Amino acid sequence: MNKIRYFDHAATTAVDEQVLNEMIPYFSIEYGNPSSIYSIGRNAKKAIEEARSRVAHAINCDAKEIYFTGCGSESDNFALKGVARANRSKGNHIITTKIEHPAILNTCKTLKNEGFIITYLDVDENGLINIDDLKNRITDKTILISIMFANNEIGTIQPIEEIGKIAKSKNIIFHTDSVQAVGNVEIDVRRMNIDLLSMSAHKFYGPKGVGAIYIRNGVKCNKIQDGGHQEKNKRAGTENVAGIVGLGSAVQRAYKNLKSYNAKLRKLRDYYESEVEKNIPYIKINGHKTNRLPGNSNISFKFVDGEALLLNLDMKGICASAGSACSSGSTEPSHVLLAIGLPDNIAKGTLRITFGMENTKDDVDYLVNCLVEIVQNLRNNSSEYLEFINKTNK
Ligand code: PLP
């Protein structure tokens with residue numbers, strides 16, 4: 001059995017040991033319901049408020065503007081449905097992009113069925129929106145702009161500050177799905193004029209099944225879940241206390257170590273890409289060259305099937321992704337890769353590697369060695385490749 005080498009940190013991360021240590025007491029010692037008035041209830045409530053302050057500090061907002069949710073997808077649903085429904089009297093137009101996560105795209109479908117009109121912005125070959133295009137698509141009915149901070153497949157980081165300025169000048173609410181950005185990129189919601197922001201703990205060494213949403217004070221956003229009065233009446237349900245403690249701890253740790261973490265990931269990623277370029281022909285590196293998450297590498301290998309590549313890597317103990325985690329298992333080429341202009345057959349041969357805390361240069365050498373061998377084997381079994389080689393050799 002091969003040692004597991006994990007290169008899929010955009011799908012999820014292991015819970016950091018110190019984060020876990022902070023969470024543990026809230027399972028079976030401080031297990032009170034935070035709504036209860038006795039001591040263990042009060043202790044749980046206190047822990048939630050401490051986590052709220054940590055999250056607020058990380059993105060520069062007020063703790064009162066943070067609400068805990070069950071995941072990044074819920075935060076996205078909350079932002080879009082909540083804002084759209086609360087501001088319906090002002091207009092029914094929403095602007096987003098073609099490369100959003102399904103948590104946004106499928107929520108937009110629901111809103112379309114409720115009578116909202118959705119504009120999906122194109123992106124260029126690097127995955128960036130065009131700012132003039134955004135300006136031109138705004139109408140007097142536009143109530144919400146939702147544009148992801150960083151893309152989960154190709155890592156491209158959007159010009160969030162510029163978008164925030166435009167939204168503010170037009171009095172339009174601006175939401176950003178920052179599930180991939182939080183813990184990887186510096187975020188200042190005040191300076192960037194962000195009105196709502198989604199995050200998810202499991203992307204930055206916190207636990208799965210807990211997220212948060214920042215809703216700027218004064219932004220009208222309906223709740224989407226009815227029930228009790230938790231989270232200032234905005235999100236019903238007994239809080240996931242241990243999870244929330246984990247989120248708070250993880251986000252604090254992420255921002256404390258951001259510079260060195262980014263530098264480490266960038267070094268590993270750049271080394272990996274240069275080794276692949278050196279050793280494997282007929283490849284294309286996707287995503288923006290500089291405005292990209294430091295740990296993200298998305299490479300299309302021509303004449304290779306991505307699923308077959310993943311299975312072969314798995315046999316060597318390597319965990320990676322062919323596109324986004326949510327779309328793996330489907331044989332459809334990724335909507336993000338199609339949006340940046342890749343043809344179907346190239347998009348289907350794409351490998352997403354996302355580096356993390358525990359990866360080393362040795363891991364990268366192992367990965368590249370395996371890739372060289374597997375890619376060549378797969379190509380040798382591809383009639384398209386053999387035809388191509390025959391033609392080029394003539
Ligand atoms: N948005 C983006 C950009 C993501 O990458 C993901 C998860 O991969 C989500 C939203 C959904 O987050 P969660 O898995 O916490 O629901």
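Me: Is D122 buried, partly exposed or exposed in this structure?
Reply: In this predicted model, D122 counts as partly exposed, because its relative accessibility is 38%.

Me: Which residue forms a salt bridge with D122?
Reply: The partner is K98, and the closest N and O atoms of the two side chains are 2.4 Å apart. The pair links distant parts of the chain, 24 residues apart. K98 lies in the loop between β3 (93–97) and α5 (102–113), and D122 lies in the loop between β4 (117–121) and α6 (131–137).

Me: And K98 itself, buried or partly exposed?
Reply: K98 counts as partly exposed, with a relative accessibility of 37%.

Me: How many salt bridges are found in the whole structure?
Reply: The search of the whole structure finds 20 salt bridges.

Me: Which side chain does E161 meet in a salt bridge?
Reply: E161 meets R191, at 2.7 Å from N to O.

Me: What about R54, which residue does it pair with?
Reply: R54 forms a salt bridge with E50, and their closest N and O atoms are 3.4 Å apart. Both residues belong to helix α3 (residues 39–59), where they are four residues apart, about one turn of the helix.

Me: Why does R54 count as buried and E50 as partly exposed?
Reply: R54 counts as buried because its relative accessibility is 16%, and the cut-off for buried is under 20%. E50 has a relative accessibility of 44% and therefore counts as partly exposed.

Me: Which residues are linked in a network of salt bridges?
Reply: K45, E49, R52 and E231 are linked in such a network.

Me: Back to α3. At what angle do α3 and α9 pack?
Reply: Helix α3 and helix α9 (residues 241–256) pack at an angle of about 30°, and their axes are 8 Å apart. The two helices are therefore roughly parallel to each other, since angles under 35 degrees count as such. Their crossing is left-handed.

Me: Then α10 and α14, how far apart are their axes?
Reply: The axes of helix α10 (residues 258–279) and helix α14 (residues 361–380) are 10 Å apart, and the helices pack at an angle of about 25°. This pair is therefore also roughly parallel.

Me: Is that crossing of α10 and α14 left-handed or right-handed?
Reply: The crossing of α10 and α14 is right-handed.

Me: Is Y205 buried or exposed?
Reply: Y205 counts as buried, because its relative accessibility is 8%.

Me: Now the surface. Which residues make the nonpolar patch?
Reply: V15, L20, I24 and F27 make a nonpolar surface patch of about 340 Å². F27 lies in helix α2 (residues 25–28). F27 counts as exposed because its relative accessible area is 53%, and the cut-off for exposed is over 50%.

Me: Where is L111, and how far is it from K81 in space?
Reply: L111 is in helix α5. L111 counts as buried, because its relative accessibility is 0%.

Me: Last one, where is S178?
Reply: S178 is in the loop between β6 and β7. S178 counts as buried, at 0% relative accessibility. From S178 to N345 the distance is 30 Å, C-alpha to C-alpha, and the two are 167 residues apart in sequence.

Methods:
Residues are numbered from 1 along each chain as its sequence is written. This is a predicted model: local features need pLDDT of at least 70, side-chain atom pairs count only at pLDDT 80 or more; totals for chains, interfaces and linings use all residues. Side-chain values use heavy atoms; hydrogens and water are left out. Patches are made of residues with over 30% relative accessible area and no salt bridge: like charges are joined within 9 Å, nonpolar side chains (Val, Leu, Ile, Met, Phe, Trp, Tyr) within 5 Å. Accessible areas come from the Shrake-Rupley method with a 1.4 Å probe; for residues, only the protein chains shown count as cover. A salt bridge is a side-chain nitrogen of Lys or Arg within 4 Å of a carboxyl oxygen of Asp or Glu. Buried means under 20% relative accessible area, exposed over 50%, partly exposed in between (1.4 Å probe, protein chains only). Axes are lines fitted to C-alpha atoms, for helices over the stretch in contact, and angles run from 0 to 180 degrees between N-to-C directions. Angles under 35 degrees count as roughly parallel, over 145 as roughly antiparallel, 65 to 115 as roughly perpendicular and the rest as oblique. A crossing is left-handed if the near helix is turned anticlockwise from the far one by less than a right angle, and right-handed if clockwise.
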